[in-house]
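Please look over the sequence and the model shown here before reading the report.

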Amino acid sequence: MPGSVSKRLLRLAQRLGLAALTVLGAATAAFAALRLVPVDPAFVIAGAGQGAVAITADVLNAIRVEYHLDQPLLVQYGLYLSRLLHGDLGMSYLQEQPVLDLIAEQAGPTLALAGLASLFAVALSLGAAVATAGRRGVSAVAGAIELVLASTPVFWIGFVLMLLLAVQWRVFPLLDAGDLRSLVLPALTLALPTAALLAQVLRRALEDVLEQPFILTARARGLSLAAVKLRHALRHAAIPYVTLLGFSFGALLSGAAVTETLFGRPGLGRLLVSAVTRQDMPLVLGLVIVGTVAFVIVNTLIDAAYILIDPRMQAPTPP
């Protein structure tokens, strides 16, 4: 038992170390990419892109000194990491507000969108995979539909849903009205490609499990195919499905930028597009860090869910 506990602690330490390296890598990549853009941040801060006509060299030099832009890139990077370790994401160049406050203001709509999209994706993929697994003709048709959905850009899916459900049939509002009905179309837009991939993975896993001897034994006891899928096969096939579900959270976050812009919704996606367009580097870096941390947290929870799904992972390692 002590050896089992130490192994679990070591595994936890490895995961935390990997999570820290992931966040550091994301911060470094974003910092490097934005600093290599051939635009002087001092002009952005001074408002050169906001209609300012004349900006003196003294003003630009003062801004560079205040924001440490006169320092070498390595020094700027070190200062940024130091602030990050203290939980300080910096100040927005253009909005002159703490980046963390700006992100907190827009996090609610994006979390609501990603949460509902996740529910749609899980419900649609589970229903499609369980209903079609083990049925060759139906499985082939479902796989073809899923391939089309998974290959279609998010903005095309959103445009088609808007055209059919909002303009043609008027089931849901076209643009955001601040209520739950306004959330359905953008959530479906995000959910459909993800659901298609999840359904393909789960169906293949289910079909592999359905060929195992214990499934034949269950069928011999008189259980129907649907009962065997739900009671026995689904749990054994869930590991790859849950793994992909964790990775798909990143796709939902990245797709939020397109979806929120398309449907005129507030949120972190539109905030990121605005920050990149206007070269608001502290805000861009802050959004990258927050998104990476959210992705790491979700995948850590997915790792913990493996213990509940697979009973073999609960047992202590024999001496």
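## Basis of the model

This is a predicted model, in which local features need pLDDT of at least 70 and side-chain atom pairs count only at pLDDT 80 or more, while totals for chains, interfaces and linings use all residues. Residues are numbered from 1 along each chain as its sequence is written, and side-chain values use heavy atoms, with hydrogens and water left out.

## Helix 6

Helix 6 (residues 136-151) has 16 residues and spans 22 Å from its first C-alpha to its last, close to the 22 Å expected at 1.5 Å a residue; helices are DSSP runs of H or I with at least four residues, numbered from the N terminus, and the expected span is 1.5 Å times one less than the number of residues.

S139, A142, G143 and E146 are buried in this helix (under 20% relative accessible area with a 1.4 Å probe, protein chains only; exposed means over 50%). Seen down the axis, the buried residues of helix 6 fall within an arc of 105 degrees, so they line one face of the helix. They pack against helix 5 (99-132) and helix 8 (181-209), whereas the face turned away from the buried side carries the exposed residues G137, A140, V141, L147, V148 and S151.

## The largest pocket

The largest pocket holds about 470 Å³ of space. Of the 20 residues that line this pocket, the closest to its centre are L253, L287, V290, G291 and T292. A pocket here is an open set of points on a 1 Å grid where a 1.4 Å probe fits, with protein on both sides within 12 Å along at least five of seven lines, and lining residues have an atom within 4 Å of a point.

Helix 13 (281-309) is among the elements that give two or more residues to the lining, together with helix 5, helix 11 (238-262) and helix 12 (268-277), and helix 13 provides the largest share, 7 residues. By class, the lining has 14 nonpolar, 6 polar and no charged residues, where Ala, Val, Leu, Ile, Met, Phe, Trp, Tyr, Cys and Pro count as nonpolar, Asp, Glu, Lys and Arg as charged, and the others, Gly among them, as polar.

Definitions and conventions: The arc is that of the directions from the helix axis to the C-beta atoms. Contact means heavy atoms within 4.5 Å. Grid points are joined across faces, edges and corners, and a volume is the space filled by probe spheres set on the points.
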